[in-house]
Amino acid sequence: MSSVTISKVKKNYGAIEVLHGIDLKIEDGQFVVLLGPSGCGKSTLLRMLAGLEAITAGDISIGNRIVNDVHPKDRNIAMVFQNYALYAHMTVKENIAFSMRLKKTANSIVDERVKWASEILSLEPYLERYPKELSGGQRQRVAMGRAIVRNPDVFLFDEPLSNLDAKLRVQMRTEIKELHQKLKTTTVYVTHDQIEAMTMADIVVIMRDGVIEQSGKPLDIYDKPANLFVAQFIGSPGMNLLEGEIVLDKKSKIVKSGNLSLPIPQSSKVEVGQKVVYGIRPEHLKPKMNGQGLPAKIKVVEPTGPETHLYLDLDGNEVCSTSRERLEWPVDSDINLSPVLDNVHLFDAKTKLTIDVG
Amino acid sequence: MKKIRQCLREHSVPLALLAPAVIIILLVVLLPLIFSFYTSFTNYRLIKPETLWQWIGLRNYQRIMGDWAFWVAFGRTVLFLTIALNLEMLLGLGLALLVNRITWGQRVMRTIMMFPMMFSPILVGFQFKYMFNDTIGVVNNALQSLGLTHEAIPFLVDRWLAFFSISIAEIWMSTSIFAILILAGLFAMPRDPIEAARVDGCNNWQVFRHITLPFLMPFIYIAMTIRSLDVARAYDVVDVMTGGGPAGRTELLWTLIARTAYDDARMGRANAMAYVSILLSIFFTWFFFRKLMQARKHLGAF
């Protein structure tokens with residue numbers, strides 16, 4: 001087990017720079033998720049950690065050792081790939097034992113380790129099978145088995161669940177998290193699925209276009225996104241965003257967006273006339289029938305079971321409101337929305353950065 | 001009978017459509033096959049057509065069983081096949097691995113690689129015969145100019161050198177079959193397992209040995225199957241270069257059979273030899289096909 005330090009790391013493909021100086025410190029035993037849309041450089045960064053891609057500039061160290069020029073085999077890392085990357089001509093047992101065979105480990109130890117790994121991953125009935133005789137979830141477990149028997153310093157996961165169906169994905173998500181709690185090995189996990197990131201990570205690192213936009217604990221990022229991109233990217237359904245301008249209304253500052261007057265905390269660090277984006281998460285936009293608040297018209301009602309999602313027309317903007325209650329309101333009915341003042345987010349329209357609301 | 005007639009009526013259209021193909025195959029393939037098989041039981045000589053009806057039973061086959069020259073040629077063909085196939089495989093594999101690493105001009109290289117296959121084997125034979133000639137050949141000329149030897153090396157006269165020379169010609173001509181098929185395998189190879197193996201602790205040689213080669217084996221066996229049929233019937237290059245000489249030292253099965261059939265005009269005997277030789281081809285095809293199936297068993301279907 002080891003910490004991982006990434007400092008000022010850049011990556012060029014020819015003249016194109018895809019990573020623009022990444023700084024990241026991962027503590028020993030942490031589960032870090034790199035999250036971002038495709039093409040943001042998260043997989044490239046992971047592959048650089050693994051040693052499968054060269055580093056253009058900067059340093060990567062595992063433990064206290066700089067590994068920039070260390071061959072992947074000498075980094076003591078284990079990686080799980082999106083397409084499982086199993087060795088098709090070897091049985092499950094041979095797949096799991098492969099790294100130990102390379103090191104000429106004694107048979108008794110190999111058997112013991114394979115047994116240990118297959119018990120953790122419930123693979124015992126399949127040890128003599130070949131990869132093509134397994135289902136997707138079983139293949140992914142073999143790939144994980146291959147990783148854990150090595151007792152590596154760092155686990156690397158490259159979108160390991162994206163080839164699985166929805167139900168299996170949820171199940172494997174839990175299994176990976178459980179595995180981490182059991183083994184406590186430093187883990188770097190790449191995904192574009194924010195639910196995976198939120199549920200599994202100790203630390204989420206959100207990347208876009210080769211830079212880190214924000215990193216922190218999942219709920220901190222959810223509650224206090226550093227900028228508009230993070231606010232939009234995290235959360236499903238996404239945060240409602242309304243463009244507007246700060247105006248004075250009876251001596252209190254509000255956001256004027258079209259015909260709407262949106263209340264904001266008076267402690268917000270904004271000036272009158274400032275162009276802002278007003279953000280409110282769906283669960284903080286309370287729907288009320290015949291109550292006070294912003295007038296809106298229901299477009300779509302989505303009952304999900306635990307929650308009801310309402311998609312509404314609010315002065316020409318489509319917004320979403322979620323409620324724990326089972327709302328059986330008819331489409332096209334007029335209702336009112338009231339935002340929870342403490343949960344309002346403000347972003348500067350020009351810099352896209354979060355404004356302190358106090 | 002009733003059932004058959006009913007069946008014919010029901011399937012009359014497909015039967016009518018298939019009939020020409022079936023009839024042509026019967027005429028072109030099956031009839032000559034039966035005829036040649038029949039002649040192998042006669043004393044048929046090309047110059048005496050009436051001998052076609054001289055049924056002698058198994059005597060041709062009995063003679064072959066005791067014919068030392070035939071079995072030497074048989075053994076030499078197996079040796080020739082073993083040497084040619086193994087060297088072609090190794091060279092083709094090396095070539096494919098190198099070409100696979102080229103990033104610029106790969107298509108041109110691939111085309112150039114195919115050149116030897118574009119020439120008629122007869123011409124390849126003539127060209128190598130000229131190159132290995134002991135008085136005017138370029139190989140001797142080069143060796144002497146470089147001072148490596150002062151005497152002309154009798155490539156096509158010495159028994160082992162002659163065998164070596166025909167092997168070189170055969171290998172030169174057909175290595176590209178292996179190279180092309182193996183290259184196709186390399187193109188189809190997924191990258192992930194290679195990267196996984198590197199992370200798992202393989203150096204480059206171990207990646208090749210444990211991951212790349214097992215993946216390529218089916219492709220190698222396909223090439224082996226094709227080439228074993230090819231080499232087992234080797235005739236043109238050998239006949240042009242050495243004619244089976246010197247003194248029968250490079251005699252292979254088919255040069256022997258052709259001589260028996262056309263020079264000695266013993267068609268019945270030659271056909272019997274041919275049917276025995278075909279066993280060799282069948283054995284190699286079966287052998288490599290089985291290997292191919294084994295190697296493929298766990299690959300693919302991903």
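How many bridges join strand E1 of chain A to E2(A)? The answer is 8, with E1 covering residues 4-13 and the two strands running antiparallel.

## The model and its confidence

This is a predicted model, in which local features need pLDDT of at least 70 and side-chain atom pairs count only at pLDDT 80 or more, while totals for chains, interfaces and linings use all residues. Residues are numbered from 1 along each chain as its sequence is written, and chains are lettered from A and ligands numbered from 1 in the order in which they are written.

For the complex, the predictor gives an ipTM of 0.81 and a pTM of 0.79. Chain B has a mean pLDDT (the predictor's confidence in each residue, from 0 to 100) of 88, with 99% of its residues at 70 or more. Within chain B, the lowest confidence falls in helix H1 (residues 2-10), at a mean of 81, and the highest in helix H4 (residues 68-101), at 92.

## The sheet of chain A

Helices (H or I, at least four residues) and strands (E, at least two) are DSSP runs, numbered from the N terminus, and two strands pair if DSSP finds at least two bridges between them. In chain A, 4 strands form an open, antiparallel sheet in the order E2-E1-E4-E5. Strands E2 (16-26) and E5 (65-66) stand at the edges with a single partner strand each, so one side of each has no neighbour in the sheet. Where E2(A) is concerned, A:Tyr13 stands opposite A:Ile16 in that strand.

## Where the chains meet

The contact (C-beta atoms, placed from the backbone, within 7 Å) takes 20 residues from chain A and 17 residues from chain B. On the side of chain B that touches chain A, helices H9 (192-200) and H10 (204-232) each supply at least two residues, and H9(B) gives the most, with 7 residues.

Note on methods: Contact = placed C-beta atoms within 7 Å.
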